[in-house]
Structure formats: C-alpha cells, structure tokens
Amino acid sequence: MKILLLHGPNLNMLGQREPEIYGATTLPQIDDMLHERAVAAGVTLLAFQSNHEGALIDFLQAEGWAADGIIINPGALTHYGLSLRDALASLSAPIIEVHLSNVYRREQFRHTSVVAPVATGQIAGLGWRGYLLALEWLLNNAKSG
Ligand code: DQA
C-alpha cells in the first residue's frame with residue numbers, strides 16, 4: 001500500500017510561521033511521525049512539499065495513479081487552487097484534506113475550500129494530530145485496504 005502526503009505553500013515554514021496559529025511542530029517532525037506510523041503499519045509513505053501549485057500537480061500526476069490514499073494540506077491553495085483541485089479530482093484514491101488550524105473560525109476567505117468537493121473527508125483545527133488521524137483513517141479505508 002502506498003500513501004501520499006502533500007504539503008502546499010508555506011508549510012515548509014511550520015514551527016517558525018505564526019506558531020500561535022499553526023503550532024511549534026516543524027514539517028520534518030510531522031513527516032517523521034507519519035513515516036514512523038506508516039512503517040509500523042507496513043505501508044509506504046511518500047511525502048512532498050512545494051510552494052508551487054504546478055510542482056504539486058506534477059507530483060500527483062507522477063505518483064497519484066499508484067496511490068492507495070492521499071493526505072493533503074494545500075495551504076492557501078485550498079481556497080483558490082483550481083488546477084490542484086482538478087489534478088486531485090482525476091485520481092481514484094481516497095483524499096483527506098487536512099488543515100492545522102480551524103479555517104472556519106478564521107478569515108472569511110479561508111471558509112471556502114475548492115478541494116473539499118473532490119476530497120473524501122476533511123480534518124481541520126486539530127493541529128499536527130490531524131495528519132495522524134488522516135493516516136489512521138486511510139490505513140483502515142484506503143483503496144487496497
Ligand atoms: C492551512 C490554512 C490555510 O488557510 C493557510 O493558507 C495555510 C495553512 C492550515 O493548515 O490551517 O497555509 O491550510
């Protein structure tokens with residue numbers, strides 16, 4: 001089983017970036033925790049971060065067809081990234097959209113997700129634990145699970 005973990009723009013700055021909103025945990029720490037859980041479950045986890053929508057799409061086009069599940073925090077692309085949404089829509093694996101913060105308690109522009117309609121589910125506001133919960137769900141419900 002192969003699970004993809006995608007992080008969009010600015011998420012490489014976790015730990016430094018508005019820690020009061022996004023927490024003190026860094027992206028490598030999050031990736032490590034998920035890798036550890038994936039190894040324990042005997043699944044392959046491929047993590048990728050980019051500040052560029054096209055690079056995220058290239059990664060999905062290269063890896064998405066062979067994926068059994070996708071975890072993605074699209075960052076601000078959540079709110080307007082239609083090309084990213086279309087790339088996700090073309091894939092058959094379950095997709096979990098994750099947000100560290102509760103986007104619905106924040107600015108109005110964050111209340112809209114163009115990704116949500118093509119996602120299987122969404123987790124928002126639970127910090128880094130949201131990624132682990134997404135992985136747990138996929139381990140039980142992924143394509144070949
Ligand atoms: C975010 C929420 C987005 O609105 C924001 O642009 C981010 C992070 C979150 O994880 O809470 O970059 O996706």
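Reply: Let us begin with a single pair of residues in what is a predicted model: V98 has I123, in strand 5, as its bridge partner.

Me: How many bridges join strand 4 to strand 5, and do these strands run parallel or antiparallel?

Reply: In general, the strands of a sheet pair through backbone hydrogen bonds, and the pairing may be parallel or antiparallel. Here strand 4 and strand 5 run parallel, with 4 bridges between them.

Me: In what order do the strands form the sheet, and which are the edge strands?

Reply: The sheet is open and is formed by 5 strands in the order 2-1-3-4-5, with parallel pairing. Strand 2 (44–49) and strand 5 (121–124) are the edge strands, each of them pairing on one side only. From one strand to the next, the twist averages 15 degrees.

Me: Which strands does helix 2 touch where it packs on the sheet?

Reply: Helix 2 touches strand 1, strand 2 and strand 3 (69–73), and its direction makes about 165 degrees with that of strand 2. Helix 3, residues 53–63, also packs on the sheet, where it touches strand 1, strand 2 and strand 3, and its direction makes about 175 degrees with that of strand 1.

Me: Which residues of helix 2 are buried, and why do they lie on the same side of the helix?

Reply: The buried residues are L27, I30, D31, L34 and A38. They lie on the same side of helix 2 because the arc they cover around the axis is only 95 degrees. These buried residues pack against strand 1, strand 2, strand 3 and helix 5, whereas the face turned away from the buried side carries the exposed residues P28, D32, E36, V39 and A40. Just after helix 2, G42 takes a positive phi of about 75 degrees.

Me: Which residues of the largest nonpolar core touch the most other members?

Reply: As a general idea, nonpolar side chains in soluble globular proteins tend to be buried together. In this model the largest nonpolar core has 21 residues, of which I3, L34, I71 and Y131 touch the most other members. Strand 1 (2–7), helix 2 (27–41), strand 4 (95–99) and helix 5 (129–141) each supply at least two residues of this core, and the largest share, 5 residues, comes from helix 5.

Me: What does Y131 touch, leaving aside residues up to four places away in sequence?

Reply: Y131 touches L5, H7, I30, L34, I71, N73, V98 and L100. A second, separate core has 19 residues, including L4, L60, A67 and L77.

Note on methods
Residues numbered from 1 in each chain as written. Predicted model: local features only at pLDDT ≥ 70, side-chain atom pairs only at ≥ 80, totals over all residues. Heavy atoms only, no water. Core = buried A, V, L, I, M, F, W, Y, C linked by side-chain atoms within 4.5 Å. Buried < 20%, exposed > 50% of the residue type's maximum accessible area, 1.4 Å probe, protein only. Contact = heavy atoms within 4.5 Å. Pairing = 2+ DSSP bridges. Axes fitted to C-alpha atoms, helices over the stretch in contact; angles between N-to-C directions. Arc of directions from axis to C-beta.
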